[in-house]
Amino acid sequence: MSRILVVAPNWIGDALMAQPLLARLREKRPGLKVDMLAPEWVVPVARRMPEVDEVITTPFRHGALSLRRRWQLGRALKERRYRQAIVLPNSWKAALVPFLARIPSRSGYVGESRYGLLNRLYRKPDKAMRRHYARLAEAPDTEPRMPLPDARLQVDAAHAAATRARFGIEGRYAVLCPGAEYGPAKRWPFFRELAERLEMPVVLLGSPNDIAAAAGVGGKNLVGKTTLDEAIDLIAGAKLVVSNDSGLMHVAAVLGRPLVALFGSSSPEQTPPQSGRSRVLWLKPECSPCFQRECPLGHFRCMRELSVEMVLADVARL
């Protein structure tokens, strides 16, 4: 039975935008087994992907070289006798484990001059991330067939209901995601005012790094108090999600929740939420997208000029 190793991206949203690649691989090669090598914060998402047969957690801290531990993992994976690996992150260190595991075919974008570490090289990155990843299911310099498959996450209805009950959540509710791991330039500053004007109870979700962004916003504040698995279950039951460009935004879109996605310093032309019940708000002033962690000009117009009324108008259109 054919088995492939896919090295996952380091961000939840990127992992979901890579899911069409996994579906296309399975479509092209019936019976293929897909194992995903993922950092611990991406593992809950990877485990819910129907295309993934096994998830292997990497023991590395974010950004750390951890050469000895990569060597140990590579030697362990060698015993699995993979014939192919696809490396999705662009970093040099991300390609080390498949190389150390002596996997014969190692695919990925050139990235940080990864000649030798990879031996099936792709050289023209695409600004649209879903297409960028999906190209890796094809021969180099070959465009994938469009449209791409939709991403999907598995949710057990009974388990999700138990999660809601555990947090005391009943009936209709909206989920607000006021944080964004990348930095303040992606965080809309008016979630408190929005929460006051929504006509249903509000649940706030995010990681411990989003606690400051959620401060002062009314509703049930679960920021930093849930696992990612619990957050996915809670989003799955929401009647509305309003989110900055973040991993939870992509989760909501993939789960088919009515979503208003707020963009400022980043671009929905590159990392849009999956279409369906998603609406994107992006003012696109002349300085946007700058892709900076903080506004380099100090005025933060891309988010400050995006009013609560604009968001509520899009909520009404869902």
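Which residue forms a salt bridge with D35, and how far apart are the closest N and O atoms? Keep that in mind as you read the points below, and remember that this is a predicted model.

1. **The opening pair.** D35 forms a salt bridge with R3, and the closest N and O atoms of the two are 2.8 Å apart. Side chains of opposite charge can pair when their charged atoms come close. Find R3 in strand β1 (residues 3–7) and D35 in strand β2, and you will see a link between distant parts of the chain, with 32 residues from one partner to the other. The surroundings of the two partners are worth a look as well. D35 has a relative accessible area of 0%, so D35 is buried. R3 has a relative accessible area of 30%, so R3 is partly exposed.

2. Across the model, the count comes to 25 salt bridges.

3. R135 and D126 meet through their side chains in a salt bridge, at 3.3 Å from N to O. R135 counts as buried because its relative accessibility is 12%, under the 20% cut-off. D126 also counts as buried, at 12% relative accessibility. Now turn to E196 and R192, whose side chains form a salt bridge at 3.3 Å, N to O. Both of these residues sit in helix α8 (residues 191–197), and the four residues that separate them make about one turn of the helix. Here E196 is exposed, at a relative accessible area of 57%, while R192 is partly exposed, at 37%.

4. Why is helix α2 (residues 19–28) described as largely enclosed by the rest of the structure? Seven of its ten residues are buried, so the rest of the structure largely encloses α2. The buried residues of α2 are Q19, P20, L21, L22, A23, R24 and L25. They pack against β1, α1 (12–17), β2, β4 (84–87) and α6 (129–134).

5. **A six-stranded sheet.** Next, trace the open sheet, in which six strands follow the order β9-β8-β7-β10-β11-β12 with parallel pairing. At its edges are β9 (220–221) and β12 (278–282), each of which pairs on one side only. Strands of a sheet pair through backbone hydrogen bonds, either parallel or antiparallel. For a close look at one pairing, take β7 (residues 174–177) and β8 (residues 202–204), which pair in the parallel sense over three bridges. Within that pairing, L176 has L204 of β8 as its bridge partner.

6. **Helices on the sheet.** Helix α11 (residues 247–254) lies across β7, β10 (240–244), β11 (259–263) and β12, and runs at about 150° to β11. Helix α13 (residues 308–317) packs on the sheet too, where it touches β10, β11 and β12; its direction makes about 160° with that of β12.

7. **How α10 meets α11.** Two packed helices are described by the angle between their axes and the distance between the axes. For helix α10 (residues 228–236) and α11, the angle is about 45° and the axes are 10 Å apart. The two helices are therefore oblique to each other. Their crossing is right-handed. From α10, the contact involves L228, A231, I232 and I235; from α11, it involves L248, V251 and A252.

8. **Where α10 sits.** Seven of the nine residues of α10 are buried, so α10 is largely enclosed by the rest of the structure. These are L228, E230, A231, I232, D233, L234 and I235. The buried residues of α10 pack against α1, α3, α7 (157–166), β7, β10 and α11.

9. Is E40 buried or exposed? E40 counts as exposed, because its relative accessibility is 58%. You can find E40 in the loop between β2 (33–39) and α3 (43–47). Apart from its neighbours within four places in sequence, E40 is in contact with T57 and T58. From E40 to T58 the C-alpha to C-alpha separation is 6.7 Å in space, though they are 18 residues apart in sequence.

Methods
Residues numbered from 1 in each chain as written. Predicted model: local features only at pLDDT ≥ 70, side-chain atom pairs only at ≥ 80, totals over all residues. Heavy atoms only, no water. Buried < 20%, exposed > 50% of the residue type's maximum accessible area, 1.4 Å probe, protein only. Contact = heavy atoms within 4.5 Å. Pairing = 2+ DSSP bridges. Axes fitted to C-alpha atoms, helices over the stretch in contact; angles between N-to-C directions. Salt bridge = Lys/Arg side-chain N within 4 Å of Asp/Glu carboxyl O. Parallel < 35°, antiparallel > 145°, perpendicular 65-115°, else oblique. Left-handed = near helix turned anticlockwise from the far one by under 90°.
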